[in-house]
Amino acid sequence: MTYDERMARVALARVIEPGDELGGRWLREFGAAEVARRLVEDREPLPGASVRRWEGLRGRAAGMRPERDLAQAQDAGVRFICPGEPQWPVQLDDLGDARPTGLWVRGLPSLRIWALRSVAVVGARACTEYGAHMAATLGAGLAERGWVVVSGGAYGVDGAAHRGALGAGGATVAVLACGVDRPYPRGHTQLITRIAEQGLVVGELPPGDHPTPSRFILRNRVIAALTRGTVVVEAAYRSGALVTARAAQRLGRFTIGVPGPVTSGLSAGVHELLRGEAVLVSDAAEVAELVGDIGELAPDRRGPVLPRDLLEPGAGRVLAALPARGLVGAEEVARDAGTTTDEAVGRLYELRALGFVERHGDGWKLTRQAMISVRGDRSEC
């Protein structure tokens with residue numbers, strides 16, 4: 001990319017709003033330098049823009065000072081990266097004309113490398129203790145498995161996911177809806193500063209710019225495009241986290257949900273996703289299995305292996321034929337087990353050797369340990 005094109009993109013980051021597809025089309029068709037020149041010099045709108053909108057953009061363009069923005073960014077330890085440059089995450093190009101004009105990045109690591117193995121963890125700002133716990137646990141578990149945790153730096157689930165990753169000594173990226181030199185929310189100034197020191201803080205808006213409701217919503221498309229998949233932990237029906245998840249679906253990324261109580265309104269949006277194409281997960285291992293490479297498998301989920309599970313089928317049937325209490329004869333055991341008396345007697349002696357049954361005269365009964373085991377098994381029914 002030429003110097004003029006790069007400087008024009010720096011300038012236009014202050015003029016073209018995030019996610020403006022018409023502006024993105026102009027950049028693709030005319031190039032950034034030509035768009036910037038025409039905004040300054042021409043009163044004739046570019047194709048698709050009304051006169052009113054064009055005048056509004058020209059008013060913004062009058063304040064373009066790319067050298068000033070770059071100097072301010074450098075003072076804050078922030079760099080600017082453009083599409084096509086070595087550090088640009090190419091998956092953002094999937095956004096088409098809605099891709100960012102460029103990105104302001106605070107922190108030392110390569111965003112392009114980190115984005116290759118990243119997962120978004122998003123959810124409700126006013127989350128429950130359960131939501132905060134799950135987000136922090138997922139953040140830590142993913143970080144321990146070498147995944148970069150991406151979120152929006154907000155209160156609630158976002159902050160818990162970032163803290164989980166940081167606490168595990170892992171990598172995390174905060175994508176902000178304002179200038180990356182201006183931590184928002186202010187209550188997360190310390191957290192975002194720590195993320196910048198240990199990870200990356202990223203945004204589309206130039207230094208000093210402020211967030212707006214629409215910028216929060218449009219920021220979510222970057223989170224979705226940057227990562228391999230989006231995990232939603234608690235979200236009501238109207239939630240920015242669901243915007244991220246739906247953007248991930250449109251982009252062909254994995255959409256993942258953590259279930260919660262059906263009585264909780266904060267889980268209603270997640271459950272709606274799970275009724276569609278989203279995949280249910282319960283921990284970081286299952287997330288990594290879904291979005292990871294071949295071989296990154298979650299452990300098999302199963303209950304504890306009990307001693308009776310290791311019995312031969314015939315011995316298991318004889319053991320099941322003994323009542324929980326009292327003595328019983330071999331003939332009755334054989335009848336209930338569906339076998340011969342000789343077979344039942346042989347199995348009963350085998351079970352006695354293993355500690356499952358006792359013999360009292362001509363009768364047989366379960367040992368105390370076997371009674372506890374059988375009672376526990378029957379209580380599951």
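The accessible surface of the protein chain is about 18,100 Å², and carbon and sulfur atoms contribute 52% of that area. The model is predicted: local features need pLDDT of at least 70, side-chain atom pairs count only at pLDDT 80 or more, and totals for chains, interfaces and linings use all residues. Residues are numbered from 1 along each chain as its sequence is written, and side-chain values use heavy atoms, without hydrogens and water.

Of the 381 residues, 51% are buried; buried means under 20% relative accessible area, exposed over 50%, and partly exposed in between (1.4 Å probe, protein chains only).

The overall dimensions are as follows.

| Quantity | Value |
|---|---|
| Radius of gyration of the protein chain | 31 Å |
| Box filled by the C-alpha atoms, along the principal axes | roughly 110 × 40 × 35 Å |

The radius of gyration is taken over C-alpha atoms, and the globule rule is 2.2 Å times the number of residues to the power 0.38.

The protein chain contains 17 helices and twelve strands. These are DSSP runs numbered from the N terminus: helices (H or I) have at least four residues, strands (E) at least two. Helix H4, residues 51-61, includes Arg52. Arg52 counts as exposed because its relative accessibility is 76%. Between the C-alpha atoms of Arg52 and Thr137 the distance is 50 Å, with a sequence separation of 85 residues.

Definitions and conventions: Accessible areas come from the Shrake-Rupley method with a 1.4 Å probe; for residues, only the protein chains shown count as cover.
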